[in-house]
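Here are my notes on this model. Please read them alongside the coordinates.

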Amino acid sequence: MSKKYLTTAIPYVNGTPHLGHAIDYLLADVYSRYESALGNEVKFQTGTDEHGNKIFEKAKSANLPVEEYTKTNSDLFRDFIKKLGVSPTDFIRTTDAAHKHRVQLIWQRLEQHIYAKDYEGWYCNGCENFITEKEYADNNGVCPDHQTPYIKLSEKNYYLKISDFKPKIKAAIESDELKILPEFRKHEVLKLLADSPDVSISRPKKNLSWGIEVPGDPSQVIYVWLDALSNYITILGYPETEHSPEFTDFWPAAVQFVGKDILRFHAIIWPAILLALNLPLPRVLHSHGHVLLNGAKMSKSLGNTIDPLEVLEKYGLPAFRYYFLRHIDTFADSDFTWEKYDAAYNNELANDLGNLVQRLATLCSKNSVAPVSAPSFPEVVIENPDYSALMEKLEFSNAFDYVWEKVKSVNKKIDDEKPWSLIKTDPAAGVASLSSLVASLLEAAVLLSPFLPETSEKIIKIFTAEKIVAPEPLFPKALKA
RNA sequence: CGCGGGGUAGAGCAGCCUGGUAGCUCGUUUGGCUCAUAACCAAAAGGUCGUUAGUUCAAAUCUAACCCCCGCAACCA
């Protein structure tokens, strides 16, 4: 038995949960359930990122105290996680007093790698914000919201010397000591790393009031990356716990799940922070793709977003987990459409699996087949090395495909063995056949448990009950529109 | 020459590293079965593997050039 620490990105609470967050949670949840089922102790972190101007502004425009606004939104995420059937062990808020205090302690430990410098850039007085060169060019030097020209402004920032750690980070990534998945992202990151400048980790308080104060400089506030990234270790009680098992048992993290868009921060800034603290780097950074809607990128500005709760409601939780874990590729961008969702539910969950459970249970019930005991997860994993190999490689959608092959093979076997006619000519052989079919289905159900825990449990219950009885359909087929 | 990914049957994808009869899922058509949620099983049809040139006995697979799509480019998973 070993200890595993899994992390998910902490969402910025200036909006409601969307499908991308769901992916993050589901992937981590599958792996967490897999490791737990193997008997490992898993610490599974989640949380919310709550500082910064955007939040502050949102709260102001909603006419709410910022504490209340962040609390409300943070709760939305907590609730969302529960609705997804995801079971983390921890939930951190960057506004937690303990976190804030620890970030300041971390800052102090980083001090020899921090220096102050003036940042100069294009600034809009109306927005009270710096903008990027690209934005400047796109808007021809005039703020679209305020119709005023951008001005050159400089302000004091503290910088973290990424340059001190570049060679080490590079070596760690190249050697897979810090493994970046998928492989093609590794090349991307190495290239970015080479070009990466030192990174700004503070803002003047007058521009950013909602944040953690820089220790020893009340005029400055710690900027998002140091604040947010630190959550992965402050949740373990670092730095106070640095020599106690609470921390050392779990750090370095086994896997950190992030979206592809924030991989760079986790592969460059985060390792730099860790190295500066003399801490080991996480073993694996797992970066997933984005969910596309009808082939297009979802964005609030385009207005083509979809509410995950709406998707969740249509066919319930197992269908949601099924679609997003199997048909949304673990690493690449994948498409969501209602048509695909309907097809996956009807053809796969209802027809392949639901109907299989139904027909087999009916056959067993009619012929009084004795219940079969379910194998344990570790047993089944040993029997299915290809499955565990895919899980270990964190290729969850492929592992799910493997499980589905099992499910389909049971349907095939039923047709091959024809127990309904065998039972008439040779009842003993018929019952034996059914028992072995049930055993195969149970094996598939056990393999299914990290993905669809509820469904897996239901199936196991049906065939291990004192008396096998045909249940209500697991996935009632949706009426065709 | 900013970086990266991709272009293979109607759709979605695998195969490419380690050249040698082009494969999977869905959809379509036909047949089988009747235990089952009009579900299940089998078979068939359907592809100039983005374009061009090269290497080779042989290229989806290696090389080069080109065309097209899509992400990223410092703070939207």
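1. How far is a polar side-chain atom of E188 from a sugar or linking oxygen of RNA strand B? The distance is 3.2 Å. For D261, a side-chain N or O atom is 2.7 Å from such an oxygen. For N355, the value is 2.4 Å. A polar contact here is a pair of N or O atoms within 3.5 Å; within protein, one must be able to donate a hydrogen and the other to accept it, and residues adjacent in sequence count only if both atoms are side-chain atoms.

2. A note on the basis. This is a predicted model, with pLDDT of at least 70 needed for local features and 80 or more for side-chain atom pairs, while totals for chains, interfaces and linings use all residues. Residues are numbered from 1 along each chain, chains are lettered from A and ligands numbered from 1 as written, and side-chain values use heavy atoms, without hydrogens or water.

3. RNA strand B has 44 residues around it (near: a heavy atom within 4 Å). P197, R203, Y223, K297 and N355 come nearest.

4. T94 is worth a look. It counts as buried, because its relative accessibility is 0% (buried: under 20% relative accessible area, 1.4 Å probe, protein chains only). Its side chain reaches the backbone nitrogen of E50 at 2.8 Å.

Technical notes
Buried means under 20% relative accessible area, exposed over 50%, partly exposed in between (1.4 Å probe, protein chains only).
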